[in-house]
Amino acid sequence: MINKILLLDDNKATNFIHKKFIRMTGCAKEVVSFEIGANALQYLEDKENSFPNLIFVDINMPTMNGWEFFEHFSKIDRVERESCRSILLTTSLSPNDEDQMAEVKAVDEILIKPLEPNAIGTIVEKYF
């Protein structure tokens, strides 16, 4: 079991469903969710908050998309960031997304959303 998963998706219902599926798998002690990238970054920068082991981020969000989030994420000055696994979520996989992922070392994978319990379990098994 991992300690913490962070969800970032501008759709509240998607965060709710993903939290439910994560809890169904029993793979995490805690799940935190955000709808705005800047709020998630602020949370991650605060050293009083334990750093998540796994982050799921929606690619297409207003204000700050997933790529922009990871640009800021890679500058967070916390040792724990190096061992955190990061998964981008999308409703449709674009070849451009795969090309861009190759350039962003903070991103481990891109998955189609919504996440399902089996996909969550596979990610946890693969990285933890």
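The structure is a predicted model, in which local features need pLDDT of at least 70 and side-chain atom pairs count only at pLDDT 80 or more, while totals for chains, interfaces and linings use all residues. Residues are numbered from 1 along each chain as its sequence is written, and side-chain values use heavy atoms, with hydrogens and water left out.

**Figure 1. The whole protein and its surface.** The accessible surface of the protein is about 7100 Å², and 47% of this area belongs to carbon and sulfur atoms. Along the principal axes, the C-alpha trace spans about 35 × 30 × 25 Å. A compact globule of 128 residues would have a radius of gyration near 14 Å, and the 13 Å of the protein agrees with this (the radius is taken over C-alpha atoms; the globule rule is 2.2 Å times the number of residues to the power 0.38). Buried residues account for 46% of the 128 residues (buried means under 20% relative accessible area, exposed over 50%, and partly exposed in between, with a 1.4 Å probe and protein chains only).

Figure 2. The protein contains five helices and five strands (DSSP runs numbered from the N terminus: helices are H or I of at least four residues, strands E of at least two). Along the sequence they follow the pattern β-α-β-α-β-α-β-α-β-α. The five strands of the open sheet take the order β2-β1-β3-β4-β5, with parallel pairing (two strands pair if DSSP finds at least two bridges between them). Strands β2 (28-34) and β5 (109-112) stand at the edges with a single partner strand each, so one side of each has no neighbour in the sheet. From one strand to the next, the twist averages 20 degrees (axes are lines fitted to C-alpha atoms, for helices over the stretch in contact; angles run from 0 to 180 degrees between N-to-C directions).

**Figure 3. The pairing of β3 with β4.** Strands β3 (residues 54-58) and β4 (residues 85-90) run parallel and are joined by five bridges. Ile55 has Ser86 in β4 as its bridge partner.

**Figure 4. Helix α5 and its two sides.** Ile120, Ile123 and Val124 are buried in helix α5 (residues 117-127). Seen down the axis of α5, the buried residues fall within an arc of 95 degrees and therefore line one face of the helix (the arc is that of the directions from the helix axis to the C-beta atoms). These buried residues pack against β1, α1 (12-25), β3, β4 and β5 (contact means heavy atoms within 4.5 Å). On the other side of α5, Asn118, Glu125 and Lys126 are exposed.

How values were computed. Areas by Shrake-Rupley, 256 points an atom, 1.4 Å probe, with all protein chains shown as cover.
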